[in-house]
Amino acid sequence: MTAAKANTPMFSRIALIGIGLIGSSISHACRRANLAREIVGSSATAATRQKALDLGLISEAFDNAADAVAGADLVILCAPVGAYAAIAAAIGPHLTPGAIVTDVGSVKAAVVRDVGPHIPAGVHFIPGHPIAGTEQSGPEAGFAELYDNRWCILTPAADADPAATAKLKLFWERLGSQVEIMDAVHHDLVLAITSHVPHLIAFNIVNTAAHLERVTDSEVIKFSAGGFRDFTRIAASDPVMWRDVFLNNKDAVLEMLGRFSEDLTVLQRAIRFGDGDVLQRMFTDARSIRRSIIQAGQDTAAPDFGRSRPADPPSPAKR
Ligand code: NAP
């Protein structure tokens with residue numbers, strides 16, 4: 001590759017539909033790697049559009065997605081997945097032939113169902129999901145390093161254009177990620193256990209603690225380092241985004257919750273009957289998974305994981 005070619009942006013106009021944590025981080029990482037000549041965007045509220053302009057995340061803001069995608073050769077849906085069907089219906093007739101349409105949604109089969117029918121022939125639809133995030137939201141929350149050394153999963157249909165898939169794969173690699181290609185239904189099953197059920201447990205345990213009558217709120221906060229604190233970080237995640245995840249990955253989440261309940265019952269019985277061997281074996285197995293994640297470079301063994309001081313950048317966490 002010549003030096004001139006290496007410096008040529010991959011896309012001439014990227015349209016971000018939704019400019020929160022994920023969209024703004026894409027903008028930062030695109031600028032870092034010079035991936036777009038121009039980045040424009042659209043979001044639901046005027047306040048976010050203005051903030052995105054002020055932060056230099058986009059050069060032009062549109063109050064409707066249809067205008068934002070005109071002339072774009074890459075369109076990235078970065079809104080909560082519950083909004084995708086309406087966005088796709090609005091942008092479909094305005095997409096440029098040859099453009100790539102992708103997304104970052106945390107579920108994939110529902111995205112194929114909601115977006116796919118609105119994509120005209122000649123436009124390449126390749127769903128995606130960066131497995132990277134924090135509990136923060138909004139355009140100020142983004143940072144260029146969010147995707148570094150994280151996985152991004154692409155779920156192209158069997159008949160998707162291989163060249164478009166390869167281009168999108170390269171785009172995510174240049175954003176800093178490693179890319180894996182898989183089927184949308186399989187993605188939803190994997191993410192149900194690695195992300196969706198853990199979030200549900202965190203939301204639930206924080207609410208359970210809040211509803212206790214014999215332990216005061218101040219005790220819960222004072223003694224939170226006993227494990228509760230890490231759940232509160234996950235439970236601080238955006239309620240709208242997570243509502244849409246559970247509404248749109250119902251079957252896989254219910255399947256994994258069933259498995260989870262069965263294993264919880266085993267632990268419950270072991271505690272009731274004083275079976276220390278079962279407890280120790282299950283805790284030892286769980287501990288080895290944590291070590292494998294650190295060895296795979298997907299987290300750090302640093303003791304302050306997830307507890308950065310307010311002045312620090314947000315701590316990247318797997319989603
Ligand atoms: P976020 O920070 O809350 O940002 C959401 C953005 O979507 C905002 O700019 C919002 O606009 C915009 N939006 C909402 N409804 C819209 C609509 N109808 N049309 C256009 N824009 C709309 O959320 P996020 O964390 O970036 O999440 C965005 C997507 O990334 C979700 O699909 C989520 O599943 C996925 N994801 C999230 C994470 C994570 O850790 N957060 C990780 C991986 C993937 P306003 O601000 O104007 O309301």
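The lining of the second largest pocket divides into 22 nonpolar residues, 17 polar and four charged. This is a predicted model, so please read the values as computed from it.

The volume of that pocket is about 800 Å³. Of the 43 residues lining the pocket, Gly20, Leu21, Cys78, Ala79 and Pro80 are the closest to its centre. As for secondary structure, two or more lining residues come from each of helix 2 (21–33), helix 4 (65–69), helix 5 (84–91), strand 7 (128–130) and helix 11 (239–248).

Next, a helix pair. The axes of helix 8, residues 184–211, and helix 12, residues 250–272, come within 9 Å and cross at roughly 65°. That angle makes helix 8 roughly perpendicular to helix 12, because the class runs from 65 to 115 degrees. The crossing of helix 8 past helix 12 is right-handed.

Key:
Residues are numbered from 1 along each chain as its sequence is written. This is a predicted model: local features need pLDDT of at least 70, side-chain atom pairs count only at pLDDT 80 or more; totals for chains, interfaces and linings use all residues. Side-chain values use heavy atoms; hydrogens and water are left out. On a 1 Å grid over the protein atoms alone, a cavity is a set of points where a 1.4 Å probe fits but cannot get out, and a pocket is an open set with protein on both sides within 12 Å along at least five of seven lines; lining residues have an atom within 4 Å of a point. Grid points are joined across faces, edges and corners, and a volume is the space filled by probe spheres set on the points. Helices (H or I, at least four residues) and strands (E, at least two) are DSSP runs, numbered from the N terminus. Ala, Val, Leu, Ile, Met, Phe, Trp, Tyr, Cys and Pro count as nonpolar, Asp, Glu, Lys and Arg as charged, and the others, Gly among them, as polar. Axes are lines fitted to C-alpha atoms, for helices over the stretch in contact, and angles run from 0 to 180 degrees between N-to-C directions. Angles under 35 degrees count as roughly parallel, over 145 as roughly antiparallel, 65 to 115 as roughly perpendicular and the rest as oblique. A crossing is left-handed if the near helix is turned anticlockwise from the far one by less than a right angle, and right-handed if clockwise.
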